[in-house]
Amino acid sequence: MIVIFKQKPLEEILGYLASDKSVFLLRCSGCSKVNQVDAESDLKVLKENIKDKGISITGSAIKGLLCIKAMSVLEELTESIGNPSSILVMACGLGVQSIAEATDKVVHPACNSFIDKESLGRGKREDRCLTCGDCVLEFTGGICPLTVCSKGLLNGPCGGSSGNKCEISKEIDCGWIIIYERMKKLGRLKVLMSFLSPKDFRIYKKRR
Ligand code: SF4
Ligand code: SF4
């Protein structure tokens, strides 16, 4: 099973950065050849487009396997990252989630993740990103609502959430409370008020 990530429309990314003074760009060189192609030119073009909008870029880097090496990548880059308002991550949903988990900074997703349909049903399934094709991590503090919430709700919590626990079991934390706490910590509760539209199932290819 191969996960492909593709850059979101530029206007969407610039919208994410609208209130940021500066940003650091981090591109994953990917786990598959598909994602490694054009990494340098993708990053260069995006950097130029962001600079054109007057947003300062503290630096950029291309690193492999952000999904499993987020902590060590951030440690390695401590000095070059500087002190930007945010980190813009060009990676699959799992890579973005891993970076968001490893830093206190605001993390923006620059890409949407898809599953390569030729590889459906093969390989290991990663449960933290369902490759929905329209990543919403921007609005949920880098935590995927499709996987952290038992019902995969895009707008939560549901009425069953009680004492921070999920209604399906007292052993499970409510995913939407986890998202709320992360957004509160980031000072982004206002963003959490955005309504997330239903998924477009023409691009969200369910895995078999
Ligand atoms: S919203 Fe969730 S499932 Fe969709 S691409 Fe982002 S991390 Fe993956
Ligand atoms: S209680 Fe929380 S995690 Fe459980 S289904 Fe409702 S919103 Fe989702």
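**Ligands, core and loops**

User: Which residues surround ligand 1?
Analyst: In this predicted model, ligand 1 is surrounded by Gly93, Ser113, Cys129, Leu130, Thr131, Cys132, Cys135, Val136, Leu137, Cys144 and Leu146.

User: How many of the residues in that shell are nonpolar, polar or charged?
Analyst: The shell around ligand 1 contains eight nonpolar and three polar residues, and no charged ones.

User: And what about ligand 2, which residues are closest?
Analyst: Ligand 2 has 15 residues around it, and the closest are Cys149, Pro157, Cys158, Cys166 and Cys174. By class, eight residues of that shell are nonpolar, five are polar and two are charged.

User: Back to Gly93. Which helix holds it, and how many residues of that helix are buried?
Analyst: Gly93 belongs to helix H6, which spans residues 93-102 and has eight of its ten residues buried. Besides Gly93, the buried residues of H6 are Leu94, Gly95, Val96, Gln97, Ser98, Ile99 and Ala100.

User: Where does S4 sit, enclosed or open?
Analyst: S4 is largely enclosed by the rest of the structure, because five of its five residues are buried. Ser86, Leu88 and Met90 point one way from the strand, while Ile87 and Val89 point the other way.

User: Which strands pair with S4, and in what sense?
Analyst: S2 pairs with S4 in the parallel sense over five bridges, and S5 pairs with S4 in the parallel sense over four bridges. Leu88 of S4 stands opposite Leu25 and also opposite His108 in S5.

User: What do S4 and S5 make together with H6?
Analyst: S4, H6 and S5 make a right-handed β-α-β unit.

User: Now the nonpolar core. How many residues has the largest one?
Analyst: The largest nonpolar core has 45 residues, and those with the most contacts inside it are Leu66, Val89, Ala91 and Ile99. S2 supplies the largest share of this core, with five residues. As a general point, nonpolar side chains in soluble globular proteins tend to be buried together.

User: What is Val89 in contact with?
Analyst: Leaving aside neighbours within four places in sequence, Val89 is in contact with Leu26, Leu66, Gly95, Val96, Ile99, Val107, His108, Pro109 and Ala110. Of these, Gly95, Val96 and Ile99 are among the buried residues of H6.

User: Changing topic: which peptide bond is cis?
Analyst: The peptide bond from Gly156 to Pro157 is cis, with omega near 0 degrees. Pro157 is found in the loop between helix H7 (145-148) and strand S7 (165-166), and it is one of the residues closest to ligand 2.

User: Which residue in that loop has a positive phi?
Analyst: Asn164, which lies in the loop between H7 and S7, has a positive phi of about 70 degrees although it is not a glycine. Most residues other than glycine have a negative phi, and most peptide bonds are trans. Asn164 counts as partly exposed because it has 13 C-beta neighbours inside 10 Å.

User: And what is the phi of Leu65, and where does it lie?
Analyst: Phi of Leu65 is near 50 degrees, a positive value in a residue other than glycine. Leu65 lies in the loop between strand S3 (56-63) and H4. Leu65 has 17 C-beta neighbours inside 10 Å and therefore counts as partly exposed.

Definitions and conventions. Residues are numbered from 1 along each chain as its sequence is written. Chains are lettered from A and ligands numbered from 1 in the order in which they are written. This is a predicted model: local features need pLDDT of at least 70, side-chain atom pairs count only at pLDDT 80 or more; totals for chains, interfaces and linings use all residues. A residue is near a molecule or strand if its C-beta atom, placed from the backbone, lies within 6 Å of it. Ala, Val, Leu, Ile, Met, Phe, Trp, Tyr, Cys and Pro count as nonpolar, Asp, Glu, Lys and Arg as charged, and the others, Gly among them, as polar. A residue is buried if 20 or more other C-beta atoms lie within 10 Å of its own, exposed if 12 or fewer, and partly exposed in between; C-beta atoms are placed from the backbone. Helices (H or I, at least four residues) and strands (E, at least two) are DSSP runs, numbered from the N terminus. A nonpolar core is a set of buried Ala, Val, Leu, Ile, Met, Phe, Trp, Tyr and Cys residues joined through C-beta atoms within 7 Å. Two residues are in contact if their C-beta atoms, placed from the backbone, lie within 7 Å. Two strands pair if DSSP finds at least two bridges between them. A crossover is right-handed if, with the strands pointing away from the viewer, the path from the first strand over the helix to the second runs clockwise.
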